[in-house]
Amino acid sequence: MPRPYRLDIQDHCTACTIPKSGLFCNLSQTSLAALDEITFTSVYPKGSVLFVEGEQPRGVFVLCSGRAKLTTSSSEGKTLIVKLIEPGEILGASASILGKPYEVSAETIEPAQANFVKRDAFLRFLGAHADASMSTAQQLSEKYYSAQREIRSLGLSQSTSEKLARLILDWSERGETTVAGMRLKVLLTHEEIAQMIGTTRETVTRLLSDFRRKKFIEVKGSTLFVTNAGQLRALVST
Amino acid sequence: MDGAAIATSLSGAETGVRWKPGATIFRQGDLPGGAYLLRSGTVELIFEARSGEAKPFRLAGPGQILGLSSVVMRRPHDCSARVRTTCEIAFIEGRTFLAGLETDPTAWLSVLELLSSEVDAAYDDMRNLSAHVLSFRAKR
């Protein structure tokens, strides 16, 4: 049978064959079975908008595979990427819990399975399953930490090279160790990297060239090798 | 249930301790022993750089629980908290707080609401700050 977007689609959390790395994947079997009852399996191509900032919350998406980005727009229309979402994370939780419009937009950056759960069903599920509440609390706290770190880097006098170095070091935590250095798959364009650190596309291109020339990193297509993490760490001051 | 009701329900913390302006409640990088329920007064949340630069970025008011996400994540505080106007603050020991949630699951939704509000506030700050930084750069 053809597989949409070559995704290994999972219809049931209780029988999921994807390695369970995300917080929401590690719930008890009872909670996963309850989640199965309220979940709508959905797959999306790259670039699909799951929800838009300002929209009334319909529910949450549990990202099973693929990655997504959360973005917000300033009053002047500038886009800022506030977080990249990994499999096992939920999207739209804070708006659904508060019953307020989504604070951010969510868009897939690669083909993804993002299962939808209606808001009412999600709230009932949280009320009945303490481990799901704990997992949601941890994810909200993680998003808060991540946002605070961005605010700190925007607010304190951090140079753009520091911000880019910190971003690459953050990514390298989930990279693969190779003889050539930590290997990362970069799914973002230079424009999107610029939106993550509050700068321009031209500056990102210039700084990446600079890092390559100094042999801090090596770039082959969309693969990035961190060849001198120590020098990148030395750039990060906060 | 607001922050005060949750704190009272989970820890029995009916009253707080008075803190004078200028006092530091916790420092960025400290491990969280617990969370702090602000019953009255205002607290400044401050980012500190290694260079010594410190920047207040948000004010917290009555009903807010400071350090809640650090307790949930068991991670060091990501900012410092300093008393701005005289405060009454009740301390909720972290383990007591989490143990209380296990025995009273109905309190979870209120905790999630508080955390969601913190996330929303942080996104709001990001939006405002990025607009300011980008327009400043464009003018240079």
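Pockets first, so here is the rule: on a 1 Å grid over the protein atoms alone, a cavity is a set of points where a 1.4 Å probe fits but cannot get out, while a pocket is an open set with protein on both sides within 12 Å along at least five of seven lines. Lining residues have an atom within 4 Å of a point. Grid points are joined across faces, edges and corners, and a volume is the space filled by probe spheres set on the points.

Housekeeping next. This is a predicted model, where local features need pLDDT of at least 70, side-chain atom pairs count only at pLDDT 80 or more, and totals for chains, interfaces and linings use all residues. Residues are numbered from 1 along each chain as its sequence is written, chains are lettered from A and ligands numbered from 1 in written order, and side-chain values use heavy atoms, with hydrogens and water left out.

So, the largest pocket. Its volume is about 1400 Å³. It has 50 lining residues, and nearest its centre lie E142(A), R149(A), D170(A), E173(A) and R174(A). Which element gives the largest share of that lining? It is α4(A), with nine residues. Helices (H or I, at least four residues) and strands (E, at least two) are DSSP runs, numbered from the N terminus. By class, the lining has 19 nonpolar, 15 polar and 16 charged residues. Ala, Val, Leu, Ile, Met, Phe, Trp, Tyr, Cys and Pro count as nonpolar; Asp, Glu, Lys and Arg as charged; the others, Gly among them, as polar.

α2(A) gives the most, three residues. Ten lining residues are nonpolar, two polar and three charged.

On to the interface. 44 residues of chain A are in contact (heavy atoms within 4.5 Å) with 42 residues of chain B. The buried area is about 4200 Å², and carbon and sulfur atoms give 65% of it. That is the accessible area (1.4 Å probe) that two parts lose on being put together, summed over both.

How many salt bridges cross between chain A and chain B? Three. The rule asks for a side-chain nitrogen of Lys or Arg within 4 Å of a carboxyl oxygen of Asp or Glu. E53(A) and R127(B) form a salt bridge at 3.2 Å, N to O.

Last, the charged pairs overall. There are 22 salt bridges over all chains. One of them joins K69(A) and E192(A) at 2.5 Å, N to O. K69(A) sits in strand β5 and E192(A) in helix α6 (residues 190–197), so the pair ties together parts 123 residues apart in sequence.
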